[in-house]
Amino acid sequence: SECLFCSIAAGEIPSSKVYEDDVCFAFNDIAPQAPTHFLVIPKAHIAPAGDYGGKFRVVAHCFEVISKVTKDLGIAQFRVVSNCGEQAGQSVFHLHFHVLAGRDMTWPPG
Ligand code: 5GP
Ligand code: ZN
């Protein structure tokens with residue numbers, strides 16, 4: 001696959017897996033921005049920034065996974081971020097949700 005996150009979800013590129021089911025894959029970010037920093041991605045490739053391609057049930061499922069995994073990790077305070085487009089800081093163009101926790105967060109974000 002030409003997509004990094006498709007390759008990670010398929011297990012072709014190793015990652016530190018946090019959670020997996022039929023729809024979603026979650027793994028620790030390689031360059032963590034907080035003591036806890038993992039990414040939740042749909043296994044299906046959803047590319048366009050801000051356009052979920054009508055896959056809203058998949059997006060909702062990602063948030064169910066975020067709820068479950070944070071609960072399992074004992075994390076009650078966290079931030080979810082999805083960068084849409086280069087101006088917003090997106091660098092991998094496969095839909096993903098950052099989950100950050102374990103330190104004070106600034107608001108507004110930089
Ligand atoms: P974006 O900048 O697109 O919102 O987020 C992409 C994230 O993917 C970044 O936080 C970056 O550190 C992470 N990342 C990039 N390449 C890899 C990789 O090969 N493995 C893992 N685990 N994370 C990666
Ligand atoms: Zn992909």
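Visitor: In which strand does V18 lie?

Guide: V18 belongs to strand β1, residues 17–20, where a strand is a DSSP run of E with at least two residues and a helix is a run of H or I with at least four, both numbered from the N terminus. The model is predicted, with local features needing pLDDT of at least 70 and side-chain atom pairs counting only at pLDDT 80 or more, whereas totals for chains, interfaces and linings use all residues. Residues are numbered from 1 along each chain as its sequence is written, chains are lettered from A and ligands numbered from 1 in the order in which they are written, and side-chain values use heavy atoms, with hydrogens and water left out.

Visitor: Why is V18 called partly exposed?

Guide: The relative accessible area of V18 is 27%, and the class runs between buried, under 20%, and exposed, over 50%, with a 1.4 Å probe and protein chains only; V18 therefore counts as partly exposed.

Visitor: What pattern does the chain follow along the sequence?

Guide: The order is α-β-β-β-α-β-β, from two helices and five strands.

Visitor: How do you know that the radius of gyration of the chain agrees with that of a compact globule?

Guide: The rule takes 2.2 Å times the number of residues to the power 0.38, and the radius is computed over C-alpha atoms. For 110 residues a compact globule would have a radius near 13 Å, and the chain has 13 Å, so the two agree. Along the principal axes, the C-alpha atoms fill a box of roughly 35 × 30 × 25 Å, and buried residues make up 39% of the 110 residues.

Visitor: Which atoms coordinate the zinc ion (ligand 2)?

Guide: The zinc ion (ligand 2) is coordinated by SG of C3, SG of C6, ND1 of H45 and ND1 of H94, at 1.9 to 2.3 Å. A donor is an N, O or S atom within 2.8 Å of the metal (3.2 Å for Na, K and Ca), and because water is not among the atoms, sites may look incomplete. The spacing of these donors along the chain is C-x2-C-x38-H-x48-H. One pair links distant parts of the chain, since C6 is in helix α1 (residues 4–9) and H45 in the loop between β3 (36–42) and α2 (56–73), 39 residues apart.

Visitor: What makes the site of the zinc ion (ligand 2) tetrahedral?

Guide: Four donors count as tetrahedral if all angles lie between 85 and 135 degrees. The angles among the four donor atoms of the zinc ion (ligand 2) are 106 to 116 degrees, so the site is tetrahedral. For reference, the ideal angle for four tetrahedral donors is 109.5 degrees.

Visitor: Why does C6 count as buried, and what is the relative accessible area of H45?

Guide: C6 has a relative accessibility of 16%, so it falls in the buried class, whereas H45 has 39% and is therefore partly exposed.

Visitor: What is the volume of the largest pocket?

Guide: The largest pocket has a volume of about 350 Å³, which is the space filled by probe spheres set on grid points joined across faces, edges and corners. A pocket is an open set of points on a 1 Å grid over the protein atoms alone, where a 1.4 Å probe fits, with protein on both sides within 12 Å along at least five of seven lines, and lining residues have an atom within 4 Å of a point. The lining has 15 residues, with R79, V81, L100, R103 and P109 nearest the centre. Strands β4 (79–81) and β5 (97–101) are the elements that give two or more residues, and β4 has the largest share, three.

Visitor: Which residues that line the second largest pocket are the closest to its centre?

Guide: The second largest pocket has a volume of about 290 Å³, and of its 18 lining residues F5, F27, D29, I30 and L39 are the closest to the centre. Helix α1 gives the most to this lining, three residues. F5 itself is in helix α1 and, at 6% relative accessibility, counts as buried.

Key: Tetrahedral: all angles 85-135°; square planar, octahedral: opposite > 155°, others 65-115°.
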